[in-house]
Amino acid sequence: MKKNFTDVDLNRSVGNLLRLGVILSVATSLAGFIKLFTEGFKMPKTYNSLDMGSSSEKVWGQFWNSLCRGEGMAIIQLGILLLIFTPLVRIIFALIGYLKEKDYVYVIISSIVLAIMAISFFTGYAH
């Protein structure tokens with residue numbers, strides 16, 4: 001017999017997701033801080049060349065290059081990104097839960113919130 005997905009199940013799952021996101025963020029940031037400490041708290045040279053006129057592609061490219069090299073500052077930034085993306089993933093997760101519950105009012109509300117977050121994220125670098 002198949003168990004129905006309830007509000008309690010959804011709330012428990014969303015709570016666990018938020019806890020996991022925060023724990024991963026803190027652990028990643030802590031690992032980055034330890035790495036930065038072993039590097040002598042030196043800022044990578046690539047970060048010194050960034051200016052306010054840099055394109056988002058250049059900023060993300062330098063971030064990923066630094067992260068692939070295992071630089072402490074980039075690992076800390078990854079931890080911050082995990083913390084930023086946790087609520088976004090929570091909305092997506094809740095949206096799926098509301099679809100399973102067939103609660104279409106909350107599906108619409110979650111979709112609107114998700115659209116607003118996506119628009120603000122993707123237009124954040126607009127100059």
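What you're looking at is a predicted model, where local features need pLDDT of at least 70 and side-chain atom pairs count only at pLDDT 80 or more, while totals for chains, interfaces and linings use all residues. Residues are numbered from 1 along each chain as its sequence is written, and side-chain values use heavy atoms, with hydrogens and water left out.

Helices here are DSSP runs of H or I with at least four residues, strands are runs of E with at least two, and both are numbered from the N terminus. The chain has 127 residues, and 28% of them are buried. Buried means under 20% relative accessible area, exposed means over 50%, and partly exposed is in between, with a 1.4 Å probe and protein chains only.

Now to a pair of helices. Two packed helices are described by the angle between their axes and the distance between the axes. For H1 and H4, the angle is about 170° and the axes are 7 Å apart. That makes H1 roughly antiparallel to H4. (Angles under 35 degrees count as roughly parallel, over 145 as roughly antiparallel, 65 to 115 as roughly perpendicular and the rest as oblique; axes are lines fitted to C-alpha atoms, for helices over the stretch in contact, and angles run from 0 to 180 degrees between N-to-C directions.) The residues of this H1 and H4 contact divide into 20 nonpolar, 10 polar and four charged. Here Ala, Val, Leu, Ile, Met, Phe, Trp, Tyr, Cys and Pro count as nonpolar, Asp, Glu, Lys and Arg as charged, and the others, Gly among them, as polar.

For a closer look, find Ser-25 in helix H1, residues 7-38. Ser-25 counts as buried because its relative accessibility is 4%. Setting aside neighbours within four places in sequence, Ser-25 touches Gly-79, Ile-80, Leu-82 and Leu-83. Take Leu-82, which sits in H4: 57 residues separate Leu-82 from Ser-25 along the chain, yet their C-alpha atoms are separated by 5.3 Å. With a relative accessible area of 30%, Leu-82 is partly exposed.

Moving on, the loop between H4 and H5 holds Lys-102. Lys-102 has a positive phi of about 60° although it is not a glycine, and at a relative accessible area of 56% it is exposed.

That brings us to H5. Helix H5 covers 19 residues, 104-122, and at 1.5 Å a residue should span 27 Å; its end C-alpha atoms are 26 Å apart, which agrees. (The expected span is 1.5 Å times one less than the number of residues.) Which residues of H5 are buried? Val-107, Ser-110 and Leu-114 are. Seen down the axis of H5, its buried residues fall within an arc of 70°, so they line one face of the helix. That arc is taken from the directions from the helix axis to the C-beta atoms. What covers these buried residues includes helix H4, 72-101. On the other side of H5, Val-105, Ile-108, Ile-116 and Ile-119 are exposed. Ala-118, also placed in H5, is partly exposed with a relative accessible area of 29%.

Definitions and conventions:
Expected span 1.5 Å × (residues − 1). Contact = heavy atoms within 4.5 Å.
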